[in-house]
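Let's take a walk through this model, one piece at a time. Have the sequence and the 3D view open side by side.

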Amino acid sequence: MLLKRLSEAFGPSGSEGEVRDILVKELANVVPSWQRDALGNLIALKPGARGPKVMLAAHMDECGLMISSIDKSGLLRFRKVGGLDDRVLVSKHVVVGSKRVAGVIGAKAIHLQKPEERNQVIPLSGLYIDIGAKSKEEAEKLVKLGDYAVFATEFGHLSDTVVKGKSFDDRAGCAVLAEVLSEDYAFTLYGAFTVQEEIGLRGAGVAAYALEPDMAIVLEGTTCNDLPGSEEHGYCTSLGGGPAITVMDASVVCDRRMIAELERLARENDIPVQFKRSITGGSDAGRINQTKAGIPVVVVSVPCRYIHSPVSMLSLKDFEATIKLVKLFLRSIEGGFLL
Amino acid sequence: MSNRDGGRSDAQEGGGILDTKEFLKRMVEATGVSGYEDSVGNIIREVLGTAADEVTGDTLGNVIALKRGEGENRPKVMLASHMDEIGLMVTKIEEKGFLRFTSIGGVDQRTLVAQEVRVHGRRDLIGIIGMKPPHLLTPEEGNAAIKMQDMVIDLGLTEPEVKEAIAVGDLVTINRNFISLSGDFAAAKAMDDRAAVAAMHYCLLELKRMRHTADVYAVATVQEEVGARGALVSSYHIMPDIGIAIDVCHGEMPGVPEQDTAPLGKGPNLALGANIHPKLFERLSELAREHNIPFTLDPVPGPTGTDAWVMQVTRSGIPTALVSLPLRYMHTSVETLSIGDIKLVGRLLALFVASVDREFVEGLLCY
């Protein structure tokens with residue numbers, strides 16, 4: 001399953017190579033040519049004879065860690081890559097570098113803590129990765145400063161329709177995009193697998209500038225917080241509620257006409273959809289939208305619980321419905337939908 | 001370097017006998033929360049059985065492997081390593097199938113966040129202890145540790161599906177595979193105290209090649225994490241002349257005073273203090289020195305918080321000692337230690353057992 005391979009791939013922002021390689025290999029038969037750029041964006045070019053130029057975008061990068069120093073004892077200090085909550089780091093298994101050196105992030109034993117400590121967040125300065133090296137010299141044989149680390153999380157099924165894995169934000173979007181690219185369309189389609197979203201939406205703007213599309217659809221794995229203790233209006237999205245359409249987020253106001261068309265298509269084809277009920281957090285859509293003289297965009301997302309943590313969860317029903325909805329939208333463009 | 005002696009793996013690890021690391025991996029990947037040790041107990045029973053003369057059990061679930069010594073009027077040495085682990089227990093099935101839970105043993109709530117778990121219901125299910133994504137957090141929320149009472153386990157199933165498989169009272173463990181780190185270090189859950197069970201196993205294998213007059217009872221005890229109850233009843237039942245608990249101690253790490261820890265990979269840590277019979281300590285340290293087994297010391301003025309504490313006051317009193325394995329990140333799911341240390345502990349225990357005779361045992365009463 002492509003989603004499994006993408007989820008388990010090593011690809012923190014700035015080091016997306018492994019994801020890129022998986023996609024190029026996977027799509028070799030359906031993508032006639034690729035365009036790459038200075039940042040590492042990977043763009044599938046599917047030229048068409050007529051109609052608008054449409055850009056689809058999903059980011060390949062994930063949140064992770066970067067090794068910032070090596071203690072005399074052989075323990076590795078690190079910095080965060082992207083928006084990780086310090087609290088998710090404790091007591092986890094990680095892999096360091098592309099050779100995947102195994103490490104763990106431990107914590108002081110509960111026996112040695114003062115009672116009040118148990119209610120305090122362990123600061124980043126108190127955390128490190130233990131790879132089992134007994135000295136700095138020993139650690140340096142396995143790890144270099146600047147090496148990235150990601151969580152060592154295996155993809156798996158919780159049920160027939162619900163799966164868990166790391167980095168569904170945005171490997172779910174990458175998998176949707178890959179699936180959409182397997183079909184041919186009459187218009188020119190750019191499938192942009194972008195870099196560096198998690199550290200400031202860096203890749204998508206550059207790609208949009210080079211491609212200059214007439215419209216763009218950003219494919220995401222987005223926040224889903226339909227949990228006990230949250231008010232319904234704070235869910236953002238609900239698992240199993242279908243693809244989530246963004247009206248606006250911190251980076252963009254999506255194109256009303258594109259939203260209306262997605263809604264119509266969903267209604268007429270009995271695809272459940274939901275609107276993302278939170279405007280916090282940005283997306284690649286913001287950068288694309290404000291590129292050159294402006295590009296209309298919309299964001300369609302697969303709801304994912306526990307994003308930006310070692311393990312996230314999504315519904316394959318939502319995932320499949322997202323693919324279906326995006327394909328319908330592209331067929332609608334083929335049929336004459338224009339802005 | 002420190003593994004030179006204990007790392008000897010010649011004859012004893014060939015021929016169908018499970019390697020220390022392999023045995024440890026099997027144990028830590030099995031389940032055995034305090035009071036529910038059957039599953040890991042069965043593995044231990046099977047493996048210790050290959051190294052002992054007989055294996056029995058008791059009412060509470062202790063696994064007792066006996067390797068007999070030579071001759072008559074044999075002294076009894078009891079080794080105790082607890083096989084139970086800390087864990088969680090389901091307390092409520094919420095609407096939409098989310099599970100509320102409480103802890104069994106000393107669980108740091110901060111180590112539970114964003115963790116994958118195994119819920120042991122009618123069948124084992126994988127779940128996630130999730131949290132709100134950073135995008136939705138208020139700054140105040142992000143600055144406080146999440147309380148266990150506010151956490152839920154998400155199985156990704158509907159409420160009826162959950163209710164069909166899970167009931168209140170079901171146990172939960174962290175879903176963690178054994179992790180081989182560089183060198184001979186490894187990390188996993190439940191290294192506390194199954195690494196010590198592996199040390200007992202190593203000891204029994206060593207004793208196969210040694211002569212000893214003492215009977216050795218290697219006991220994998222239950223319910224240590226909730227009050228050393230397995231050691232209490234098994235030492236009553238065995239009534240040993242000498243009791244040695246093998247447990248873990250805090251390994252050196254940043255942020256913890258050096259005096260509270262012992263280095264990893266530098267051999268056994270020997271406790272000293274009221275819980276430790278002076279002559280047992282003396283014998284253990286002498287043997288270590290004589291056989292070039294490195295060791296460190298841990299002066300403990302009061303309770304040791306181990307099986308040794310209850311063994312000592314069983315019946316009319318038992319001379320006890322405590323040998324520990326340095327371990328980092330105790331009571332997390334990434335407890336880290338050196339496999340070499342396990343072997344060194346096993347070797348030292350074997351040398352100790354081989355050194356025990358009736359005279360030594362009688363001398364223990366002469367203060």
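Start in chain B, where 8 strands form an open sheet with mixed pairing, in the order 1-2-12-3-13-16-14-15. Strands here are DSSP runs of E with at least two residues, helices are runs of H or I with at least four, and both are numbered from the N terminus. Two strands count as paired if DSSP finds at least two bridges between them. At the edges of the sheet stand strand 1 (54-57) and strand 15 (296-299) of chain B; each has a single partner strand, so one side of each has no neighbour in the sheet. From one strand to the next, the twist averages 25°.

Before going further, a word on ground rules: this is a predicted model, local features need pLDDT of at least 70, side-chain atom pairs count only at pLDDT 80 or more, and totals for chains, interfaces and linings use all residues. Residues are numbered from 1 along each chain as its sequence is written, while chains are lettered from A and ligands numbered from 1 in the order in which they are written.

Now zoom in on strand 3 (residues 76-82) and strand 12 (residues 215-221) of chain B, which pair in the parallel sense over 7 bridges. Look for Lys76(B): opposite this residue, in strand 12 of chain B, is Asp215(B). Helix 5 (residues 191-207) of chain B packs on the sheet, and the strands of chain B that the helix touches include strand 3, strand 12 and strand 13 (242-250). Its direction makes about 135° with that of strand 13 of chain B (axes are lines fitted to C-alpha atoms, for helices over the stretch in contact, with angles from 0 to 180 degrees between N-to-C directions).

Where they touch, domain 1 of chain B brings 10 residues and domain 2 of chain B brings 11 residues; contact means C-beta atoms, placed from the backbone, within 7 Å.

Finally, hop over to chain A. Strand 4 (residues 64-70) and strand 5 (residues 76-81) of chain A run antiparallel, joined by 6 bridges. In their hairpin, with 5 residues between the strands, Gly74(A) takes a positive phi near 95°. Strand 4 of chain A is also joined by 2 bridges to strand 9 (residues 148-151) of chain A, again antiparallel. Leu65(A) stands opposite Lys80(A) in strand 5 of chain A and opposite Ala149(A) in strand 9 of chain A.

Terms used: Contact = placed C-beta atoms within 7 Å.
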